[in-house]
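User: Can you walk me through a helix pair and a strand in this one? Keep it quick.
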Amino acid sequence: MTRAAIVGSRRITGLSADVIAELAADLGPLWHERHQARLVSRPRKRAVGAGAKYRLVFVDRLLATLVHLRHGVTHDVLACWFNVDRSTITRAIGEIRPLLAERGCTISPGVRLRTLAEVIDHLSATGKTGIIDGSEIRVRRPAAGRKDRDRYISGKNKQNAVKTMVLTDEDGRLLFSSPTTPGSCADITHARQLGLVKLLADGPAVEILADAGYQGLGAQTGGRVVTPPHRKFKKNAPDWYEEMHERQRKAHSSRRIRVEHGIAHLKNWRALARHLGRREHMSDMVQAVAGLLSHQQTVDLSPQRQR
């Protein structure tokens, strides 16, 4: 009953039944393979397959993970829904979440982008413009006494957070979401750490739009990163300059706004609005949700669906 209710209503997971079926078909064999590898990797006193069987089958493990990511439902509540122990749900989510994160972002059936280099090559091949922006996710405050406690304090929002870099195309389609870094890291520093400067400077000619937080990357990438125009007059600017500057900034902002829409779709998943669990899991969670959203976008934009 629980399984049918979750699959039958897109409001519960944010995904259509077709996408859930594809996820189950793609991830099921991989999960089984890794499960068997774990069983044979340690000394055993009885044969593989002996003992009690799993009460929570793979499909239910996948559904529990999707509900947890979409609505931030606690493991205790999910345990009641699926009639298992809370530790079973915790173990299931810990197994499925990395599998979802490894899938990457789907751009067409069977074609996925997993690395930033693949995204740059895709933009070059299609001739589309990319848009980048940083997004912060609030997390629990690190325990007192930790040496890196202050690293998670965001200078922008004055709260404990982790940061990810999101990249979309000019239509707002999610192409990449980076592993997270502590919130004190500046957007431009994070982009450099991810290797964006080297990929653009040594790679194909593509246009990447960014906000003022990335000013300076344009000079380092041969003009491939386009940021809002600088102000040449700090005081007493002529009226004609103010008008021109405002027009240029609005034109840039109207093109760059698509990435904000992509980030908003990510934050619709409650697990990314504010995370109360372990900060070490955030990279998998962000990349898993980005992959799920891109897969649903692929299905929604398919020719069959458009007709």
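Analyst: One term to start: contact here means heavy atoms within 4.5 Å. Also, this is a predicted model.

User: Fine. Which residues of α6 meet α13?
Analyst: On the α6 side they are R97, P98, L100 and A101. They meet D284, M285, Q287, A288 and L292 in α13.

User: How do those residues divide into nonpolar, polar and charged?
Analyst: The contact of α6 with α13 has six nonpolar residues, one polar and two charged.

User: And the geometry? At what angle do the axes of α6 and α13 cross?
Analyst: Roughly 60°. The axes of α6 (residues 86-102) and α13 (residues 282-300) come within 7 Å.

User: What do you call that orientation of α6 and α13?
Analyst: Oblique. Angles of 65 to 115 degrees would count as roughly perpendicular, and those under 35 as roughly parallel. α6 and α13 are therefore oblique to each other.

User: Is the crossing of α6 and α13 left-handed or right-handed?
Analyst: The α6 and α13 crossing is left-handed.

User: Switching to strands. How many residues of β3 are buried?
Analyst: Eight of the nine in β3 (residues 130-138), so the strand is largely enclosed by the rest of the structure.

User: How many bridges does β3 make with β4, and in what sense do they pair?
Analyst: Nine bridges, in the antiparallel sense. β4 covers residues 161-169.

User: What about β3 and β7: parallel or antiparallel?
Analyst: β3 and β7 run parallel, joined by two bridges. β7 is residues 208-209.

Definitions and conventions: Residues numbered from 1 in each chain as written. Predicted model: local features only at pLDDT ≥ 70, side-chain atom pairs only at ≥ 80, totals over all residues. Heavy atoms only, no water. Axes fitted to C-alpha atoms, helices over the stretch in contact; angles between N-to-C directions. Helix = DSSP H or I, 4+ residues; strand = E, 2+ residues; numbered from the N terminus. Parallel < 35°, antiparallel > 145°, perpendicular 65-115°, else oblique. Left-handed = near helix turned anticlockwise from the far one by under 90°. Nonpolar A, V, L, I, M, F, W, Y, C, P; charged D, E, K, R; others polar. Buried < 20%, exposed > 50% of the residue type's maximum accessible area, 1.4 Å probe, protein only. Pairing = 2+ DSSP bridges.
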